[in-house]
Amino acid sequence: MEIKKNDIIPLEITDMTGQGSGIAHIDGMAVFVALTAPGDKINAHILKVKKNYAFAKADDIIIPSSMRIEPDCECYSKCGGCVFRHISYNEELKIKQQRVFDALTRIGKLSGFSMNSIQGCDNPDHYRNKSQIPVGKDKNGNVIMGFFGTHSHRIINSTKCMLHPQEFDDISEIVKDWIIKYNISVYDETSGKGLIRHLYIRYAKNTGQIMVCLVINGDAIPHCNELTDKLISYSDNIKSIILNINCERTNVITGKKCITVFGNDHITDTLCGLYFDISPLSFYQINHDQTEKLYSIAGEYAQLSGKEFLIDLYCGAGTIGLSMADKAEKLFGIEIIPQAIENAKANAQKNNVQNAEFICSDASVAAKRLTSKNTKPDVVIIDPPRKGCDSTVIDAICTMSPKRVVYVSCDPETLARDLFIFSQKGYVTKEVTPVDMFPRTQHVETVVLMTKA
């Protein structure tokens, strides 16, 4: 059967991609259908046809899957955030577990490793401790705030999100009302003009402290005192109000310069029994409670006895390395973002960690420098960005020849690619534990233990 764009055809969804689209097959061709679930029988509207696959949307669901639940978000079908809100959380965990296993066995060509059950989240809603909310105008010139639509920079207007704490929704309303009341200009991506680009909020779960940051296309905002007064009268927990300067024509959200207009230039949270200062530009895991689970697993994999030299590559604000520092003889952290390194140093001092050293450097450059000095770490922890490790980083790690490498990944596919490279250089993947850091979204974190063969 030949299918064409705009055809309406009956399909049964039999599988699901890791990115949250249902999969059906017709005459050997895969058809990907967003917002569906395995077991759905649907009438599908074909949107695009390629040589070996097609994309469609569900015009109507004839027989719903047993996996289905009623979505509880008005933006769900438009926003690019959650992809599993129409599926029960237990089924979502199974899909993510399978995604990790498939990536490691198919892309990484790995076998013989121990695969543990995914660590689910006790509360899969309201867990995010950071949000970056774009600001713009609709076609009628009305101020809108919300979230980008799927695969677009079209803002879906909403100040509410099921993944946010209630405080984020309230602060969004305050900022939106302030923009409208004082006729503050908002940024237009096409022209590059306008002042307010993003509202950026951070929240420290254990201390309750909140940071409100406005990303602006300028160096100041009008009626700053009025906004500050509104925010601090809303909550005593707002301890920091900051302007982040980004005047570049870019999709990168934040600029490099920050101006504190109220309170501190950071907020403080506790994680794994330690205190951490968090600035606007420093990395800090999105989900506090799941991070503690993840770091606990990474600590078990590191197998530290108090005598090891531990290197933490891509260390951010030092959180994962510092959580293990008391079990190592020496901790050495490396991160390319200067403000994050300053946070890491401050965090070490705040927690009276005497055996830690942090340097600001590209991971590959620092790893090669350590290799040239004949540095021999016992354990290396790597927590790279979504794109995974640069090949020079892997080369340098393998040259340093640690006994164990603990890899923390936010992308199963780049993880699998890197583990395959490690396997070619004498490192064996021994144990794998997925951790659901981002419930209801497509993302899944994974912790891996590798040992030198």
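1. Helices α2 and α3 run roughly antiparallel to each other in this predicted model. The assignment follows from the crossing angle: the axes of α2 (residues 166-181) and α3 (residues 224-234) cross at roughly 155°, and angles over 145 degrees count as roughly antiparallel. The two axes come within 10 Å, and the crossing is right-handed.

2. Which residues make the contact between α2 and α3? From α2 they are E167, D170, I171, I174, V175 and W178. These meet L227, K230, L231 and Y234 in α3. By class, the contact has seven nonpolar and three charged residues, with no polar residues.

3. N343 sits in helix α6, which spans residues 338-350. Is N343 buried or exposed? Its relative accessible area is 9%, and because buried means under 20%, N343 counts as buried. Leaving aside residues up to four places away in sequence, N343 touches D277, S279, S282 and A317.

4. S77 belongs to the loop between β6 (53-63) and α1 (89-107). S77 has a relative accessibility of 48%. The cut-off for exposed is over 50%, so S77 is classed as partly exposed.

5. How far apart are S77 and T375 in sequence and in space? The separation is 298 residues along the sequence. In space, S77 and T375 are 52 Å apart, taken from C-alpha to C-alpha.

How values were computed. Residues are numbered from 1 along each chain as its sequence is written. This is a predicted model: local features need pLDDT of at least 70, side-chain atom pairs count only at pLDDT 80 or more; totals for chains, interfaces and linings use all residues. Side-chain values use heavy atoms; hydrogens and water are left out. Helices (H or I, at least four residues) and strands (E, at least two) are DSSP runs, numbered from the N terminus. Buried means under 20% relative accessible area, exposed over 50%, partly exposed in between (1.4 Å probe, protein chains only). Contact means heavy atoms within 4.5 Å. Axes are lines fitted to C-alpha atoms, for helices over the stretch in contact, and angles run from 0 to 180 degrees between N-to-C directions. Angles under 35 degrees count as roughly parallel, over 145 as roughly antiparallel, 65 to 115 as roughly perpendicular and the rest as oblique. A crossing is left-handed if the near helix is turned anticlockwise from the far one by less than a right angle, and right-handed if clockwise. Ala, Val, Leu, Ile, Met, Phe, Trp, Tyr, Cys and Pro count as nonpolar, Asp, Glu, Lys and Arg as charged, and the others, Gly among them, as polar.
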